[in-house]
Amino acid sequence: MPVKWEKSKYSLKARQFLAKQPEDFPLFTLLDGAVRSGKTLNIIQKIPQLFDAIGNDNLKVFSGYSKSTVRNNVIIELKPFIENYMGGNLKYNSSSGEMEITLWGKVYPCLVVGGGDSDSVASIQGGTWDFWYANELPQHHYSFYNMALSRLTPANAKAFADSNPESSNHWLYQEKIKPYLEGDKNVRDVFEYWHFTMKDNANLSPTFIRNQEKLYQGAFKARKIDGLWIVADGLVYDTFNRNKHVIPHSIMLDKILKNDIIEYFLGIDWGWNHPTACLLFGTDKDGAYYLIDELYSPKIEAENVICWIEQKQKEYGRFFSFANCDNARPEQNDKLRQNTNLVIYEEKPKVEDSISLVRGLINYDKVIVSDICKATLGEFETYRYPSDAEKTKNGISSDNADTPLKVNDDCMDALRYALYKHLTTFRRK
Ligand SMILES: Nc1ncnc2c1ncn2[C@@H]1O[C@H](COP(=O)(O)OP(=O)(O)O)[C@@H](O)[C@H]1O
Ligand SMILES: [Mg+2]
């Protein structure tokens, strides 16, 4: 049900935002905070005035995780607002994403695009924009966000974004919000930050707010209700997000066929009762890592792994260059050395060092996983640090506080071995 704007109520924060003149906003303004705090509707209300100030010489872009999230979160409110309250018109072609907004006799060409998938950057290469609205910005890929900012070249261009908080490891927090809060001058020159709580939305009843508060717990409560950027309780890779970081295997196969993936390599964690995990990675020229396939099974021998590697080289039609393996089983590694065409390394990286490298990749959306890698996907979402109680129980000293629990970590170990080796050996500048 679209909002009845004639009944709107305004908090002080909302009034301050709405009263600010378009030319007084910097290049990029972020509204973040609690769910339902009015972030999206405040931006929607500002659009007619912003468009009028910016003019219609260039394209205006609306993005979200996908075109349909933009439609459901934004256009559904923007269209009736423009047409019933502003006397304008909004035409939207949901298949092409083209949108035309007419206000006070002027036509503004707009485009709606999804920024949440790892290839979305390709859809916005080229062209000049003078306005960008990113709905739910943390759901966009880092490469899309950078490309979008680089499109905003006109002197009067403005970007607005809204977001719910995520992990404090997320690129948006690390690159913009944290330096802004710390008073970084370079960031403050181009970026403004508005933080909203549910109290800043005068249209919500106290009962509604109380009910929302009961929906969330732990880190999610802190993020969605209190609007804080905090790390999820204990998860090692807490910015891993299935929406952004998993693609259908058919799309992975396309990338292989198109030669987007330029090098193939493996990480192997040997087990017996615990499963053996063997992960096949590829990398592209932009430094993204693709987890293409996994072998995950208890009680398998080196011969099974060798067979799997041979079969996968045939299946994907590519040679794999190396494997970095768990050094606890040198005899297995020797068998690989003698029976495959791969260079076999046995370099076990330190847990903290390799985790921080992998985490850096994930935080910046540079790890993309095929949906067939079920065991790895499960581990991404459960691999965690021990709680204080578990530390005491297992006698973990504070020196080892950065070591995750050693359960369900077989794929996570294989992943560390593979990525650490590639990053430290082949990507060294
Ligand atoms: N100006 C307004 N007038 C009337 N209702 C509003 C207004 N702003 C927000 N609301 C109400 O609050 C809800 C949440 O606002 P929204 O902008 O979607 O929040 P957020 O983007 O922060 O999650 C809306 O669905 C609407 O019911
Ligand atoms: Mg919103």
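**Entry 1: overall dimensions**

What radius of gyration does the chain of 429 residues have, and why does it agree with a compact globule? I looked up 25 Å for the chain, which agrees with the value near 22 Å that a compact globule of 429 residues would have. I took the radius of gyration over C-alpha atoms, with the globule rule as 2.2 Å times the number of residues to the power 0.38. Along the principal axes, the C-alpha atoms fill a box of roughly 75 × 50 × 40 Å.

I note that this is a predicted model, in which local features need pLDDT of at least 70 and side-chain atom pairs count only at pLDDT 80 or more, while totals for chains, interfaces and linings use all residues. Residues are numbered from 1 along each chain as its sequence is written, and chains are lettered from A and ligands numbered from 1 in the order in which they are written.

**Entry 2: domains**

I found domain 1 at 5–224 and domain 2 at 242–426; such bounds come from an automatic or database domain assignment. Their centres, over C-alpha atoms, are 37 Å apart. Eight residues of domain 2 are in contact with 10 residues of domain 1, contact being C-beta atoms, placed from the backbone, within 7 Å. On the domain 1 side I counted seven polar residues, three nonpolar and no charged. Here Ala, Val, Leu, Ile, Met, Phe, Trp, Tyr, Cys and Pro count as nonpolar, Asp, Glu, Lys and Arg as charged, and the others, Gly among them, as polar.

**Entry 3: cores**

I counted 40% of the 429 residues as buried, that is, with 20 or more other C-beta atoms, placed from the backbone, within 10 Å of their own. The largest nonpolar core holds 47 residues, and Leu266, Phe281, Tyr290 and Ala414 are among those touching the most other members. A nonpolar core is a set of buried Ala, Val, Leu, Ile, Met, Phe, Trp, Tyr and Cys residues joined through C-beta atoms within 7 Å. Helix α16 (residues 410–426) gives this core its largest share, eight residues. Beyond four places in sequence, the contacts of Tyr290 include Met252, Phe281 and Ile368.

**Entry 4: helix α5**

I listed 16 helices and 15 strands, these being DSSP runs (H or I, at least four residues; E, at least two) numbered from the N terminus. In α5 (residues 171–181), the buried residues are Trp171, Leu172, Tyr173, Lys176 and Ile177. The partners against which they pack include β1 (28–33), α4 (142–151) and α13 (351–363). Just after α5, Gly183 has a positive phi of about 85°.

Terms used: Two residues are in contact if their C-beta atoms, placed from the backbone, lie within 7 Å. A residue is buried if 20 or more other C-beta atoms lie within 10 Å of its own, exposed if 12 or fewer, and partly exposed in between; C-beta atoms are placed from the backbone.
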